[in-house]
Amino acid sequence: MPINATIIEDDKKLLECLNILLDGSKVIKVIGAFPSGEKALEAIANIPPDVVIVDLHLPDISGIEVIEEIKRFSPEVDILVLTKFDDDEHLFSALKAGAVGYLLKDASPAEIIKAIDEVYRGYAPMSGRIARRILEKFHDLPKLKKHNDTVLTQRENEILKILSNGFTPKEIGGKLFIDYETVRSHLKHIYKKLHASSKIEAITKAKDKRLILGD
């Protein structure tokens, strides 16, 4: 069963070439080819394809708006961007709008056909330069804290549970057979890990973070 595809591309020569290329493949059937966004949206709303191949530069409305509209009325349709734009603004706007693949127009015919098939099968194909941009963006994100920096130790867990039951630090020390200063030290570590400044805030944040307080 072929993949039903719709093409939206304002360059009429390229639109024709894509139509011939995709329709001539063994896996894709072109059910719509449009040089602008508005007419394409009307057709897609009536007969949704499996995959839409869309340029981001269109004469009436932007490709980003087209993607947003398609995902609004036909969220099951997968969208592959085929464009000349490789900057962060266009890339991340398209992905945020709902595109699941992003190819540059220097992609080969074989790469385009493969990308459409991958989008249909649930993958997220990207041109090499685009994948590199995404990785670079990811590497620029603030490093996540190590797991051990946020999870309470068994002793801290015990102390926080007793504290949540209304006992004072001195009473906690008596229950656990440790001195008052040791309890205070543990509480400081708990507050620091949870970014809390009070007993109530620490208990609340522990529950919000789903930290399990042992019985």
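Predicted model: local features only at pLDDT ≥ 70, side-chain atom pairs only at ≥ 80, totals over all residues.
Me: How many residues separate L21 and K207 in sequence, and how far apart are they in space?
Reply: L21 and K207 are 186 residues apart in sequence, and their C-alpha atoms are 57 Å apart.

Me: Why is L21 called partly exposed?
Reply: The relative accessibility of L21 is 24%. Buried requires under 20% and exposed requires over 50%, so at 24% L21 counts as partly exposed. L21 belongs to helix α1, and, neighbours within four places in sequence aside, its contacts are P109 and I113.

Me: Why is S25 called buried?
Reply: S25 has a relative accessibility of 17%. Because the limit for buried is under 20%, S25 counts as buried. S25 lies in the loop between α1 (12-23) and β2 (28-34).

Me: Which backbone atoms does the side chain of S25 approach, and what makes these polar contacts?
Reply: A polar atom of the S25 side chain lies 2.7 Å from the backbone oxygen of L22, and the side chain also reaches the backbone nitrogen of I28 at 3.2 Å. The cut-off for a polar contact is 3.5 Å between N or O atoms, and the values of 2.7 Å and 3.2 Å are within it.

Me: What makes up the largest nonpolar core?
Reply: This core has 25 residues, and those with the most contacts inside it are V54, I67 and Y102. At least two residues come from each of α2 (37-46), β3 (51-54), α3 (63-73), β4 (78-83), α4 (88-97) and β5 (101-104). The most is given by α3, with four residues. Leaving aside neighbours within four places in sequence, I67 is in contact with V54, L56, I79, V81, A94, A97, G98 and A99. A second, separate core has 19 residues, including L15, L80, A107 and I116. In soluble globular proteins, nonpolar side chains tend to be buried together.

Me: How do you know that the buried residues of α4 are on the same side of the helix?
Reply: The buried residues of α4 are L91, A94 and A97. They cover an arc of only 140 degrees around the axis, which puts them on the same side of α4. These buried residues pack against α3, β4, β5 and α6 (128-140). The face turned away from the buried side carries the exposed residues E89 and K96.

Me: What is found at the start of α4, and what follows the helix?
Reply: At the start of α4, a side-chain oxygen of D87 comes to within 3.3 Å of the backbone nitrogen of E89. The helix is followed by G98, whose phi is positive, near 135 degrees.

Me: How do you know that the buried residues of α9 line one face of the helix?
Reply: I172, G173 and L176 are the buried residues of α9. Viewed down the helix axis, they fall within an arc of 100 degrees, so they line one face of α9. Their cover includes α8 (154-164) and α10.

Me: Why is F177 called exposed?
Reply: F177 has a relative accessible area of 76%. Since exposed means over 50%, F177 is exposed. F177 lies in the loop between α9 (169-176) and α10 (180-194).

Me: What phi does F177 have?
Reply: Phi of F177 is near 60 degrees, a positive value in a residue other than glycine. Most residues other than glycine have a negative phi.

Me: What confidence does the predictor give to the protein?
Reply: The average pLDDT is 89, and 92% of the residues score at least 70. Over residues 144-148 the pLDDT is below 50, and this stretch has three contacts in the model beyond near neighbours in sequence.

Notes:
Residues numbered from 1 in each chain as written. Heavy atoms only, no water. Core = buried A, V, L, I, M, F, W, Y, C linked by side-chain atoms within 4.5 Å. Buried < 20%, exposed > 50% of the residue type's maximum accessible area, 1.4 Å probe, protein only. Contact = heavy atoms within 4.5 Å. Polar contact = N/O pair within 3.5 Å; in protein donor to acceptor, adjacent residues only side chain to side chain. Arc of directions from axis to C-beta. pLDDT = per-residue confidence, 0-100.
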